[in-house]
Amino acid sequence: MARSVKPKSNLGPNFWPVTALLGVLSLVNAWTIVRVPSMTFLPQAGAPATDVDFIFRFLGISGGAIFIYVTGYLVYFGIAFRHRENQPIDTIGVQVHDNPRLELWWTILPTLLVIVLGYFSVDVWWKLQNQQGDVLTVESIGYQFGFQYRYPKIKDPVPTLYLPVGTPVTLHTSVAANGVSHGFWMPEMRIKADMVPGLINTIRFTPTVIGDYRVICTEYCGTGHGAMKGEMHVVSQQEFGKWFAAAQAGKDYTPPLAGAKPGSDGQHPAPGNGNDASGTAVALDSGKTDAGQVLFGQKCSTCHGVGPYEQKIVGPGLGKLFNDAAHPKLVNGKDVSPANIAMLLKNGYQGEAGVMPSAQVNAISNVDIANLTAYLVSLSKKS
């Protein structure tokens, strides 16, 4: 007669000490998440960064506890109820089926977690959708491979996002004509939105710290995706007013950047070096063909080739720009000349034919523009 094997009713040897140990590990995880400031790794630059960080901390604490307990119990039960040589082959481990008390708790706890997380999330969303005070409305346009911005009462899009500190911002995201999807992410603001052709998404935030921050594309959009990064500058109300007035008049004005000395990088050179607020022309006679060829491969080859006009990638081929009958004008309608090419490289263009990023978006200096122009001229001279 076969001997019946009685199912175990306890949860295993040393179950409660192990549970206490897992609880201690969860508390250590929670203490670490609370005590380590997020600004150590990623500064906060505006609302709702604080609220979003709180949600992430909550998720880190609760998700960490779930991970610690589930993984810990898997290891514990695997060891405690492993098959031993002196046990019958049909020995049954812990039986928890039809245990109303246990099933009640593992239903209540996840439900409470979802309710609390939902409350925090809706609270942040409600604050974003109901901003108070004067609001600045801006449209962000994504293209391959950069961003441009439209402001009310400014005729043309601008390549860099300037925002006044302390002013609520409503930002609409869209995609340039015949464009592809992008992701618009401002990490220091903790704000992200999809850029989808034919769809306008809206995000709201309030910059609170003057400084220079990043705008990053988070969705693969082509071979130039990795370099699709923009700039956001939060400036004082007075500096924003100066920039806005200059942009309305079609003039260049670059507010002083926080923490950066004039001339410390290639995008904001010091006055007097050919790229100041007065719009000094590019010194074309100093352009170097070899340097322009290298720069073309780095900055331009994603969209343009060096063949004839009809050999398009994203934009037309530029190999015979000065003597190609199929290419009598530049994309902005100007005649093909070194000066007009330099102007196009510096100011960029957006229209029915597509989008040409500006020098600031492309992160090129006046020297780079002179070198690129010299290289394009040399291509037309080749047989």
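Glu239 and Lys242 sit together in helix α4, 3 residues apart, which is about one turn of the helix. Helices here are DSSP runs of H or I with at least four residues, strands are E runs of at least two, and both are numbered from the N terminus. This is a predicted model, with local features needing pLDDT of at least 70 and side-chain atom pairs counting only at pLDDT 80 or more, while totals for chains, interfaces and linings use all residues. Residues are numbered from 1 along each chain as its sequence is written, and side-chain values use heavy atoms, leaving out hydrogens and water.

**Salt bridges**

The term stands for a side-chain nitrogen of Lys or Arg within 4 Å of a carboxyl oxygen of Asp or Glu. By that rule, the count comes to 7 salt bridges. Three of them are set out here.

| Salt bridge | N to O distance |
|---|---|
| Arg214 and Glu188 | 3.0 Å |
| Asp335 and Lys329 | 2.3 Å |

What does the Arg214 and Glu188 bridge tie together? Arg214 belongs to strand β9 (residues 211–217) and Glu188 to the loop between β6 (182–186) and β7 (191–195), so the bridge joins parts that are 26 residues apart in sequence.

Glu188 is buried at 6%, whereas Arg214 is partly exposed at 39%. With Asp335 and Lys329, Asp335 is partly exposed at 43%, and Lys329 is partly exposed at 41%.

There's also a network of salt bridges, which links Asp51, Asp123 and Lys127.

**Aromatic pairs**

On to the rings. Phe, Tyr and Trp (its six-membered ring) pair if their centres lie within 6.5 Å, with planes under 30 degrees apart called stacked, over 60 edge-to-face and the rest tilted. The count by this rule is 21 aromatic pairs. One of them is Tyr151 with Phe244, edge-to-face at 6.4 Å centre to centre and 75° between the planes. This pair links distant parts of the chain, 93 residues apart: Tyr151 is in the loop between β3 (146–150) and β4 (161–164), and Phe244 is in helix α4 (residues 237–248). Both Tyr151 and Phe244 are buried.

Elsewhere, ring pairs join Phe15, Trp16, Tyr69, Tyr73, Tyr76, Phe77 and Phe81 into a cluster.

Notes: Buried < 20%, exposed > 50% of the residue type's maximum accessible area, 1.4 Å probe, protein only.
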